[in-house]
Structures are given as C-alpha cells and as structure tokens.
Amino acid sequence: MNTARLRCNGSLSGGINQEGIDHYNNLINELLLNGITPFVTIFHFDSPQALQEKYGGFLSRSIMFMEPLVFGHYPSIMRSLVKDRLPTFTKEEEIMVKGSFDFIGINYYTSRYAKNLQPDPHATPEYSTDYLTNTTAYKDGIPIGPLAPGNSFIYIYPIGLQKLLEFMNLEYQSPTIYITENGITEKRDDSLEVTEALKDPYRINNILQHLLKIHAAMQNGVNVKGYFYWSLFDDFEWGDGYRLRFGLYYIDFKDNLKRIPKQSALWYKDFIL
C-alpha cells in the first residue's frame, strides 16, 4: 500500500508529518482488515488553515468550480455577473484544469423552487446577490415534499436527485459521479426506550426512494459509480449539534456513546449484499 504524504503546517514546504502518516496508515489498515475499502475526502467544506491563509480559499484562482474543470473557463453568464471578481486563466491554466478530475461527488438532501430576480443596482456585490434567484420550498402554499422529522431544511424530494444527475450528465459531458452524501434526519428524543428509537422505517423508505431515482438516472445514461449514506452514526450536525439523528447506527449518549444498529442499518446491509 502506498503511504500518503502528509506534511506539517498544511503545505509541501512544511516537511513530512510522521504522526499523521502513522495515524492514517493505521486507520486504513484497520478498515482493510475489516473488509472496508477507504474512500478519502480531500476537501470537506473546510480548507487546511495554512492553505486558507495562503490562498484565501475560493477567492483564489488556484481553486476551481465545476465549469472550468470541464471546459477550462467559467460560464459567460457568470463572467458577466461577477465581472472582475472572478479569476481569469491563461491558456496554459485552461489546458491544465480542463478535464482534471476523476469523478464528481454530489451531496444531495433536498431541493428548492427557484425564481429569477432582477439585478439590484444598489446591492453590494457578493455571492448572496450574484445568483439572482429567490429560492423557496413552497409553491402555491404547498411544500415541495414532506418535511424530514425534526428538521426545518430537508424537504424529501427524491426526484430532484434524478433531475440533478441527468442535468450533470447532459451539461458536463457525462462525468463519473458518486453520491457522496444522502440522508434523512430524525429528532433526538431521549424519552424513548432504545428499542423504540431503533425503529426507523421512514429512513429505509427514504434510502430506497433515492436509490430508485439514482437507478432511473443510470438507466438514462448517467454514470453513477457509488452511493454513500450520511451518516453511519448519529453525529454532531453543524448548528443543530446533537439535536438531530442522521445515523444508521444509534448512539446512546447516556451509555458511553454505545453504538447500536437501527432497523435501517440491518436492512441496508441485507439490501446491498
């Protein structure tokens, strides 16, 4: 197995971080011993601090969005709206970034209706005003789908994933795609007996409905190579903290964080084997 080259201070010039190498080698080896193939995330919402300080994150020309990776340049509509706040590439850079990805990862939980807005000449130019849309989960007073338990953001809409996949396939030259996150919440309720808390048929149905839409997209020519449910365990979920449960495995916060498979975990294991 090749050894990952982790370095100190988040940069190549910082030298090799042997503790980091040992940690990830041990982790990867343990996964392999248990029949689990690792799937490494290099970037997950948060850049290494040293690189953030050096490049300024997504404000830098060194970090690209989807269109440059496929076509070597930003879309013309984006250029006309964002103007000189958007990086420009030399011909050499265009050649370098075009087609420079192996696959595209998609995190999908929900969808929204979008309505175009006219530009506000007095608005401060920034990301929140650049896209010129008003998004909402409602149309004519009716939600786009059922609201996930205990959540105010996720409206269940599996067909949205199929539409997104087919759009990506059409617009971006049939890339290889992995569904890197997809899941549903439940409200944490510590008054429930553990045996009751393990029952989550709605999660089973949610996974199945999304897999059916993924399969339909594949039947229509989309190259989907894998699916990851979010998440394996109940977790600390952004601003919601421990108020929500996402996991296939129940975490007993009253009993030393004991991990217990929910009905969905047992079903999912049987389904994919």
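These legends accompany several close-up views of a predicted model.

**View 1. Serine 111 sits in a loop between two strands.**
Welcome to the first close-up. Here, serine 111 belongs to the loop that links strand S1 (104–107) with strand S2 (113–116). Is serine 111 buried or exposed? Its relative accessibility is 14%, and buried means under 20%, so serine 111 counts as buried. Look for tyrosine 108 as well: its side chain and the side chain of serine 111 make a polar contact at 2.7 Å. Leaving aside residues up to four places away in sequence, serine 111 touches Ile144, Tyr155, Tyr157 and Gly160.

**View 2. Arginine 112 lies over the face of phenylalanine 153.**
In this view, find the ring of phenylalanine 153 and then look for arginine 112. The distance from arginine 112 to the ring centre is 4.7 Å.

**View 3. Tryptophan 267 takes part in stacked aromatic pairs with tyrosine 268 and phenylalanine 271.**
The structure holds 16 aromatic pairs. One of them joins tryptophan 267 and tyrosine 268, stacked at 6.3 Å centre to centre with 25 degrees between the planes. Tryptophan 267 also pairs with phenylalanine 271, again stacked, with 4.9 Å from centre to centre and 25 degrees between the planes. Where do tryptophan 267 and phenylalanine 271 lie? Both are in helix H10 (residues 263–272), four residues apart, or about one turn of the helix. As for accessibility, tryptophan 267 has a relative accessible area of 22% and is partly exposed. Tyrosine 268, at 13%, is buried, while phenylalanine 271 counts as partly exposed at 42%.

**View 4. Four aromatic residues form one cluster.**
Which residues make up this aromatic cluster? You can pick out Phe39, Phe103, Tyr178 and Phe228 here.

**View 5. Histidine 73 lies in a loop between two helices.**
The last stop is the loop between helix H3 (66–71) and helix H4 (76–82), where histidine 73 is found. Histidine 73 is partly exposed, and its relative accessible area is 38%. What does histidine 73 touch, if residues up to four places away in sequence are not counted? The answer is Glu67, Pro68 and Phe89.

Conventions:
Residues are numbered from 1 along each chain as its sequence is written. This is a predicted model: local features need pLDDT of at least 70, side-chain atom pairs count only at pLDDT 80 or more; totals for chains, interfaces and linings use all residues. Side-chain values use heavy atoms; hydrogens and water are left out. Buried means under 20% relative accessible area, exposed over 50%, partly exposed in between (1.4 Å probe, protein chains only). A polar contact is a pair of N or O atoms within 3.5 Å; within protein, one must be able to donate a hydrogen and the other to accept it, and residues adjacent in sequence count only if both atoms are side-chain atoms. Contact means heavy atoms within 4.5 Å. Rings of Phe, Tyr and Trp (its six-membered ring) pair if their centres lie within 6.5 Å; planes under 30 degrees apart count as stacked, over 60 as edge-to-face and the rest as tilted. A charge sits over a ring if NZ of Lys or CZ of Arg is within 6 Å of the ring centre and within 35 degrees of the ring normal.
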